[in-house]
Amino acid sequence: IEKSEEEEVYSALVLGTRDYIRKNGFSKVILGLSGGVDSSLTAAIAVDALGAANVVGVLMPSPHSSTGSINDSLELAKNLKIKTFTFPIVSAMKAYEYILQETFKDTEPGLAEENLQARIRGNLLMALSNKFGWMVLTTGNKSEFSMGYCTLYGDMAGGFAVIKDVPKVLVYQLSNWLNSDKIIIPENVLNKEPSAELRPDQKDTDSLPPYELLDPVLLCYIEEDASLEEIKVAGLSKSETQRIARLVDLSEYKRRQGPPGIKITPKAFGKDRRLPITNRFKP
């Protein structure tokens with residue numbers, strides 16, 4: 001029987017995760033659960049790869065986390081039958097605020113404060129990894145990695161990036177396919193607008209084009225080596241396409257510092273696509 005694309009990709013992700021974890025001497029993994037589709041899919045893959053008893057989810061809500069995200073994470077964990085810890089990070093945020101108050105005074109809160117939240121979470125996951133010998137799985141997808149929409153030493157901190165070669169639109173396809181027999185990923189996770197929840201009312205589209213427009217550009221630019229003149233996606237201006245290409249190139253230094261992951265596309269970041277971190281050419 002011929003497998004669907006979703007089944008083929010999902011099977012590859014499960015096999016790759018199982019092999020990498022076991023062959024590197026680990027038996028359990030840990031990951032942050034944000035209530036988003038990426039961490040939900042990563043958790044489901046990990047459970048199919050290693051068994052529910054060997055997967056631990058960690059909820060790390062901040063004051064910007066919605067109640068829905070917490071409830072969705074707990075519902076997912078219940079569906080997958082995995083153990084969870086909940087560590088609210090507000091006290092750590094206040095500690096950083098106190099330490100930095102003199103240096104940061106007279107400045108507006110912004111990216112530095114947002115990224116501190118991601119880095120606090122990365123520290124907590126790595127602390128559990130060191131204490132118990134569990135490998136941290138990162139949950140970023142290819143669209144985010146392409147654009148640098150991820151935080152060094154924050155959500156990029158970990159030992160293995162399960163879906164780093166899976167574009168966001170395919171993340172949704174895989175999640176819907178996974179739910180075709182029974183609901184594993186809560187419907188609310190699939191229906192809500194993607195958000196990093198690092199500031200009030202934040203949406204991914206504040207920083208990125210909608211994924212259904214972004215992913216075709218990334219496919220042309222990264223996997224097909226198309227020039228900017230050749231890339232035409234209805235709904236995106238030429239300047240927006242140029243901005244996407246520029247962000248892809250500028251983010252190379254971040255990707256070099258991220259964990260390895262599973263290749264499922266013709267051209268994954270790393271050995272497949274070798275561009276210099278520092279250059280003087282501009283797309």
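In β5, Phe 160 is the bridge partner of Leu 137; strands here are DSSP E runs of at least two residues and helices are H or I runs of at least four, numbered from the N terminus. The model is predicted, with local features needing pLDDT of at least 70 and side-chain atom pairs counting only at pLDDT 80 or more, while totals for chains, interfaces and linings use all residues. Residues are numbered from 1 along each chain as its sequence is written, and side-chain values use heavy atoms, leaving out hydrogens and water.

Strand β4 (residues 135-138) pairs with β5 in the parallel sense over two bridges, where pairing requires at least two DSSP bridges between the strands. The open sheet has five strands in the order β3-β2-β1-β4-β5, with parallel pairing. Its edge strands are β3 (83-86) and β5 (160-161). Helix α2 packs on this sheet and touches β1 (29-32), β2 (55-59) and β4, contact being heavy atoms within 4.5 Å.

Turning to the helices, the axes of α1 (residues 5-23) and α2 (residues 37-50) come within 8 Å and cross at roughly 65°; axes are lines fitted to C-alpha atoms over the stretch in contact, and angles run from 0 to 180 degrees between N-to-C directions. Contributors to this contact include Tyr 10, Leu 13 and Val 14 of α1 and Leu 41, Ala 44 and Ile 45 of α2. By class, the contact has nine nonpolar, one polar and three charged residues, with Ala, Val, Leu, Ile, Met, Phe, Trp, Tyr, Cys and Pro counted as nonpolar, Asp, Glu, Lys and Arg as charged, and the others, Gly among them, as polar.
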